[in-house]
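Hi,

Here is the structure I promised to pass on to you.

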Amino acid sequence: SGQTPSNIVLSQDLAFSPPYLSTPKMVRKGASSILAAALAGGIGAMFAPCDAKVAYPWPTRTGEDGSLIDLEYPGTAVERLCSVLENVQNLTSLDGPWPEVRSKLLAAGGMKEDVSTSHSFNDFNHCDLTTMRESVSYEHNWDGQVKQISTRNQLGPFIKAESIKELGSGGSWSTCMIGCSSNPPRDVAHIQFKSRVAFKLVWVPPNFDSFVLLDDDGKELRRGFPTGGTLPAYEQRQANFDLVKGGQYEAAAKKAFQMML
């Protein structure tokens with residue numbers, strides 16, 4: 001039907017009061033393009049510093065402070081997005097138990113793992129890993145341009161508290177996908193923060209037991225085959241795919257399914 005199940009709330013992005021957790025302790029740092037980190041909860045992951053070697057895929061200009069600014073989406077934290085893309089490339093596998101896969105996604109995206117991020121990638125909606133400049137991180141959809149999202153969608157304090165600083169300036173958050181099927185997308189990342197997404201997680205039909213990570217243009221970055229009874233509910237995974245129907249991301253997800261046959 002393409003309709004989101006009636007028992008799934010669309011009205012507001014989720015944010016939980018962050019506990020007092022310290023920044024992950026760095027266990028290796030040097031001239032290489034990746035850093036080894038021990039994240040909260042004892043999960044290890046590889047993530048890139050702000051001097052990531054991945055080239056930014058979209059046109060930019062140089063700002064007055066010397067930083068790169070995306071011409072179309074100036075709220076994007078460009079260097080941070082490059083770090084995330086490099087992290088995604090460096091992930092060894094996205095198969096295996098879902099909790100472990102999800103931990104890798106959070107770490108690669110530059111997000112801490114705690115109660116404040118417990119919804120990230122765990123429901124149908126909060127599956128856009130967005131890297132935004134600090135100057136836009138306190139925008140809250142005050143004018144209602146992102147439909148079905150609260151006009152008090154204030155995520156700034158959570159972005160500041162939950163972002164791993166070593167990936168570069170700005171912050172990371174798993175923003176709402178609602179509106180991503182429009183062309184151009186009219187979701188929280190692109191409208192509220194005027195930012196691109198570093199990657200989008202889309203569960204692949206017809207069984208929704210595998211997923212693809214897509215970049216802002218819908219190009220496939222990685223795919224995963226998680227296992228275990230702790231996957232997000234089937235209804236949530238199906239509703240996730242429903243959100244991309246009719247847009248560029250739907251075609252990419254369907255292509256992934258065809259390649260799996």
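Arg 196 has a relative accessibility of 3%, so it counts as buried (buried is under 20% relative accessible area, exposed is over 50% and partly exposed is in between, with a 1.4 Å probe and protein chains only). Before I go on: this is a predicted model, where local features need pLDDT of at least 70 and side-chain atom pairs count only at pLDDT 80 or more, while totals for chains, interfaces and linings use all residues. Residues are numbered from 1 along each chain as its sequence is written, and side-chain values use heavy atoms, with hydrogens and water left out.

Which residues does Arg 196 pair with? One is Glu 72, in a salt bridge of 3.4 Å, N to O (a side-chain nitrogen of Lys or Arg within 4 Å of a carboxyl oxygen of Asp or Glu). Those two are 124 residues apart: Arg 196 is in the loop between α4 (188–192) and β9, and Glu 72 is in the loop between β5 (68–70) and α1. (Helices, H or I with at least four residues, and strands, E with at least two, are DSSP runs numbered from the N terminus.) Glu 72 is exposed, with a relative accessible area of 53%.

Arg 196 also forms a salt bridge with Asp 216, and here the closest N and O atoms are 3.0 Å apart. Asp 216 sits in the loop between β10 and β11, so this pair ties together parts that are 20 residues apart in sequence. Asp 216 counts as buried, at 3% relative accessibility.

**Rings**

There are eight aromatic pairs (rings of Phe, Tyr and Trp, its six-membered ring, with centres within 6.5 Å; planes under 30 degrees apart are stacked, over 60 edge-to-face and the rest tilted). Phe 158 and Trp 173 have ring centres 6.3 Å apart and planes at 40°, so that pair is tilted. Phe 158 is in helix α3 (residues 156–162) and Trp 173 in strand β8 (residues 171–175); both are buried. Phe 208 and Tyr 234 have centres 5.7 Å apart and planes at 75°, so they are edge-to-face. Phe 208 is buried at 5% relative accessibility, whereas Tyr 234 is partly exposed at 41%.

Ring pairs also link Trp 98, Trp 203 and Phe 211 into a cluster. The charged end of Arg 237 sits over the ring of Trp 203, 5.6 Å from its centre (NZ of Lys or CZ of Arg within 6 Å of the ring centre and within 35 degrees of the ring normal).

**Two enclosed helices**

Helix α5 (residues 234–244) has eight of its eleven residues buried, so it is largely enclosed by the rest of the structure. Arg 237 is among those buried residues. Just after α5, Gly 246 takes a positive phi of about 90°.

Helix α2 (residues 98–108) also has eight of eleven residues buried, so it is largely enclosed too. Its buried residues include Trp 98. After α2 comes Gly 110, with a positive phi near 85°.

Enjoy exploring!
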